[in-house]
Amino acid sequence: MKKQFLGFSTVLFIVVCTLSQSCREHPKSWIVDSEMGKLRVEVLADSIRVPFGMAFLPSGELLVTDRATGDIILLDGQSGKKIRLKGVPSSLSQGDGGALDVLPHPDYKNNGLIYFSHAIGDTTRSTMAIDRATLQGDSLIQVKRIFTAMPYYEKPNHFGTRMLIKDRYLFFTMGERYFLSYSAQSLDNHLGKTMRLFEDGGIPADNPYVGTENAQPEIWSYGHRNPQGLALHPDTGQLWLHEHGPKGGDEVNIIQPGLNYGWPVVSYGRNYDGTPVGMGLARQKGLEPPIYQYTPSIAPSGMAFYTGEVFPQWKGNLFIGGLALQHLNRLVIEDDKVVHEERLLKELEKRARVVKQGPDGYLYVGVDGGMVLRIVPN
């Protein structure tokens, strides 16, 4: 038999690749612990660097945004095959910017409409925008901008953004851009706010600040820091939101129109340098307190109520991704109060960026790095 010899460069590649985490194949699944017993976590897809937004289509396919690249990816819910959509509006993928949330219209099966929030601008000034488009095959067509947050700002930080549609209204969040924290207390801008529009971008006449001098008419609530979670309670229909605190003080809130949720006047956290936020108060009369807060901070991202039958013990529970403490957070809710918390997937040591319930009743989690995981019973 003829002997074959490997060159030095080939041997070096094999050694480096063996030692490098980036060269290893991800395991197809893991077994993890939970209070309800063992769970299986399956890898549906990888190579999505920051899977910020996820949404299921009626076909069972999954739309996933990659914040780092500005892409929207069409993901087969069974095989994990990925298609990067064409015609996606350009995003500013710097800092906290890039492709953010994605949302199909409730009547998507008939109209093919999706909503896409993303950072826009350049290195000198940027903001968040929402576009509506039709998904046709593997392309977005008839793209129309329906909202642009004001003002633009030079630093690419704290854009939010999460979206949902309730009835005929589009609700969405916007961060306070970090360096402009007190803008969250002013009604003349969109920073640190939740907003409400009609599905087509029109402004409802009964929004709380329509007709108020110098107020932005899209505003629904204000006094938020960087809200990256938005969900409807399955029983009450209430709008639930979570937002990043600074050093501690992440909040879960129930949103009511026209109310002030306090940032940066009050906070359960402290500034990153250890100094007090505002006057150092956690609560103040006239400002809405959170129903739950995390100190130390978990850096929450993504939010979904579980309504399926696969995990009956979890029905009605609220799931939130944890970035800083690298886990999936489960909250048990009774009468609008959190009565129990569990931290799942800690063994994986992954930043959980977004969580969604699939039409199959399983939970799907996008993690930085970046995989889409499926949680199933073991």
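**Spaces and salt bridges**

Author: Happy to, and please keep in mind that this is a predicted model. The largest cavity has a volume of about 50 Å³. A search of the whole structure turns up 2 cavities of 30 Å³ or more. Around the largest cavity you will find Gly223, Glu243, His244, Gly245, Gly249, Glu251, Tyr261, Trp263, Val266 and Ser267. Sorted by class, that lining holds 3 nonpolar, 5 polar and 2 charged residues.

The second largest cavity takes up about 40 Å³. Its lining is made of His327, Leu328, Leu345, Leu348, Lys350, Ala352, Val367 and Leu373. Here the classes come out as 6 nonpolar, 1 polar and 1 charged.

Two or more lining residues come from each of β3 (51–56), β7 (99–104), α2 (108–111), β11 (163–166), β15 (226–232), β19 (300–305) and β23. By class, this lining has 23 nonpolar, 7 polar and 4 charged residues.

The second largest pocket holds about 260 Å³. Of the 21 residues that line this pocket, His158, Asn226, Gln228, His244 and Leu323 lie nearest its centre. The lining of the second largest pocket splits into 7 nonpolar, 8 polar and 6 charged residues.

Gly361 sits in the loop between β23 (352–357) and β24 (363–367). With a relative accessible area of 6%, Gly361 falls under the 20% cut-off, so it counts as buried. Leaving aside residues up to four places away in sequence, Gly361 touches Tyr306, Val310 and Phe311. The C-alpha atoms of Gly361 and Val376 are 8.8 Å apart, and these two residues are separated by 15 residues along the chain.

On to the charged pairs. Side chains of opposite charge can pair when their charged atoms come close. This structure holds 13 salt bridges. In one of them, the side chains of Arg374 and Glu42 meet at 3.0 Å, N to O. Arg374 belongs to strand β25 (residues 370–377) and Glu42 to strand β2 (residues 39–48), so this pair ties together parts that are 332 residues apart in sequence. Arg374 is buried, at 11% relative accessibility, while Glu42 is partly exposed, at 22%.

Another salt bridge joins Arg162 and Asp101, whose closest N and O atoms are 3.7 Å apart. This pair links distant parts of the chain, 61 residues apart: Arg162 is in the loop between β10 (139–148) and β11, and Asp101 is in strand β7. Both Arg162 and Asp101 are buried.

Asp131 and Arg145 form a salt bridge too, with 2.7 Å between the closest N and O atoms. Since Asp131 lies in strand β9 (residues 126–136) and Arg145 in strand β10, the pair ties together parts that are 14 residues apart in sequence. Asp131 is buried, with a relative accessible area of 2%, whereas Arg145 is partly exposed, at 40%.

Finally, look for Glu35, Arg330 and Glu342, which are linked in a network of salt bridges.

How values were computed:
Residues numbered from 1 in each chain as written. Predicted model: local features only at pLDDT ≥ 70, side-chain atom pairs only at ≥ 80, totals over all residues. Heavy atoms only, no water. 1 Å grid on protein atoms, 1.4 Å probe; cavity = no way out; pocket = protein on both sides within 12 Å on 5 of 7 lines; lining within 4 Å. Points joined across faces, edges and corners; volume = space filled by probe spheres on them. Nonpolar A, V, L, I, M, F, W, Y, C, P; charged D, E, K, R; others polar. Helix = DSSP H or I, 4+ residues; strand = E, 2+ residues; numbered from the N terminus. Buried < 20%, exposed > 50% of the residue type's maximum accessible area, 1.4 Å probe, protein only. Contact = heavy atoms within 4.5 Å. Salt bridge = Lys/Arg side-chain N within 4 Å of Asp/Glu carboxyl O.
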